Amino acid sequence: MNQHRLFLGINHRYKSRLSSVLAPQSSRGHSPPSSRGYRLAGSEAPTHPPTSMNQRRLFLGINHGCRRRMSSASASQSYLDDLPPPPVLPHRRVVVTGMGLVSPLGCGVQSTWRRLIDGGCGIRAISPEDLKMEGFDEEARSHAFNQLTCKVAAFVPCGSGTTGGTGDGDSSSSSSSEFNEDLWLRSKDNRSIARFISFALCSTDEALRDANWIPSDTRKKERTGVSIGGGIGNISDILDAAQMIREKRLRRLSPFFIPRILINMAAGHVSMKYGFQGPNHASVTACATGAHSIGDAARMIQFGDADVMVAGGTESSIDALSMAGFCRSRALATKYNLLPQESSRPFDCGRDGFVMGEGAGIMVLEALEHAEERGAKVYAEIRGYGMSGDAHHITQPPNDGRGAFLAMTRALGQSGLHPNQVDYVNAHATSTPLGDTIEANAIKSVFLDHATSGALALSSTKGATGHLLGAAGAVEAIFAVLAIHHGIAPPTLNLETPDPTFHDGFVPLRSPKKMPIRAALSNSFGFGGTNASLLFARPPTPSQ
């Protein structure tokens, strides 16, 4: 089609140019049209097709130009047609070689996992001081606190200690499980670092040390990327800035205001600290952010963009404005303000909303051959990453759970595993009346007899951690990997009366269960109808 259009265009210009020099003789009536005689433009005397030297040169020149342009067009098209196909990329398997956690259960993978298995809970009552309203007076803070219908949240425990233990949970060298704000947040060098960024930096430090991957070689840094997302970011700074506008103090706005609120700055700071020059990526997909960040990072390794990726999610949005927004949407738990540790109760009949949490989860992902070459320990392999959209409602999933079903089945399809080979599911279940039931039915639809027989272990760890929003998917993916690594499926806290959708052997775990876990699925679903499922499996043996 392009050649044809080019030919018509050249031919039209050729005819127009020729007619301006050679006019038909019949236009003056000197010869009948059949004679096909020509005259020079402006001449009265008729002439036959050009016979003079000048006419011949003009005719041949135009004809040669036409042919040359046609030849050039054909050559150009031929060049395009001769382009080789893209190279066939080798299949790269992706494994987890390091992990880091900052959570309401503690700072560090070891202490967090231990408290989770022991039935610990990181939820407590909030106070006006927790609302991050430093720019407001005492009366405004007190009024905001009284207006909130939810008075519980899951905070990261803070102190002067350091990150505790190594990622494998086998070390006993931990000096503290508290987050050190002085180290990660309050130093003069950290003025551009908001709380959610500091959580990511702390978790990354643990994950990289766990993976034994802090390269100094330029080539290795260029082949290492970062994929860390967040759900909300730093709302409290925005609130303080709005107060400055109201009080006509805008000139006192920090020059670091913008860098502190941008969600991609978590990935940016990690990249800058360690000199990683591979992909620098930040997903923002509400409560599915952490899972998407890990899944996207795995794809980048599979596609050859990097050999190693630092991936996960981070969040610190327990503030007056964020809590007020979720309260107004009736998403938060309100019935258990006097019993904070009973407020998050996934799959229980008494649930009435989720509990906001904060923290970060970071994984070091690596191409299998790269990990083997350097002798890295491998916790698990990422076998599947499924995504879908509900296309239904801004906050509510469809009653048939089709979006969740598609995400899980797509992850299974990529993995090459049969549903019966999945031994544990870490559910997204946030303790909302509608969402938990819909997800449970979707899980049952995917796993069928494997679920109802009781062979499939199921739990939601949000009873212990609350809902970490943009960090939830990453933290819970780490829990799924640890379940495989240690052979223990974690419990669901506060499950007193299971939802009526559960029957036969299909019931969430009330206590930890020791069992061999070949593969584990972790679900994450977010506002806007965005869904992600990550499927992890035992590390491959050398023969595989």
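How many of the ten residues of helix α10 are buried? Eight of them are, so helix α10 (residues 265–274) is largely enclosed by the rest of the structure. Buried here means under 20% relative accessible area, against over 50% for exposed and partly exposed in between (1.4 Å probe, protein chains only).

1. Basis of the note. This is a predicted model, in which local features need pLDDT of at least 70, side-chain atom pairs count only at pLDDT 80 or more, and totals for chains, interfaces and linings use all residues. Residues are numbered from 1 along each chain as its sequence is written, and side-chain values use heavy atoms, with hydrogens and water left out.

2. Confidence. The term pLDDT denotes the predictor's confidence in each residue, from 0 to 100. The protein chain has a mean pLDDT of 88, and 82% of its residues reach 70 or more. A contact means heavy atoms within 4.5 Å.

3. Overall architecture. The protein chain contains 18 helices and 19 strands. Helices (H or I, at least four residues) and strands (E, at least two) are DSSP runs, numbered from the N terminus. Of the 544 residues, 55% count as buried. Among contacts between residues at least 6 apart in sequence, 76% join residues at least 24 apart.

4. Helix α10. The buried residues of this helix are M265, A266, A267, G268, H269, V270, S271 and Y274. They pack against α6 (195–211), α7 (218–222), β9 (224–230), α9 (257–261), β10 (280–281) and β11 (308–315). Just after the helix, G275 takes a positive phi of about 75°.

5. A266 as an example. A266 is found in α10 and has a relative accessible area of 0%. Not counting residues up to four places away in sequence, A266 touches F196, I197, A200, I228 and T314. The C-alpha atoms of A266 and H281 are separated by 9.8 Å, while the two residues are 15 apart along the chain.

6. S293 in helix α11. S293 belongs to helix α11 and is buried, with a relative accessible area of 0%. Leaving aside neighbours within four places in sequence, S293 is in contact with S227, I228, G229, S283, A311 and G312. A polar atom of the S293 side chain lies 3.4 Å from the backbone nitrogen of G229.

7. Helices α11 and α18. The axes of α11 (residues 289–303) and α18 (residues 472–486) come within 5 Å and cross at roughly 65°. Axes are lines fitted to C-alpha atoms, for helices over the stretch in contact, and angles run from 0 to 180 degrees between N-to-C directions. The two helices, α11 and α18, are therefore roughly perpendicular to each other. Angles under 35 degrees count as roughly parallel, over 145 as roughly antiparallel, 65 to 115 as roughly perpendicular and the rest as oblique. G290, A291 and I294 in α11 meet G473, A474 and A477 in α18.

8. Helices α3 and α18. Helix α3 (residues 109–117) packs with α18 at an angle of about 80°, and their axes are 12 Å apart. This pair is therefore also roughly perpendicular. V109, T112, W113 and L116 in α3 meet F479, L482, A483 and H486 in α18.

Methods. A polar contact is a pair of N or O atoms within 3.5 Å; within protein, one must be able to donate a hydrogen and the other to accept it, and residues adjacent in sequence count only if both atoms are side-chain atoms.
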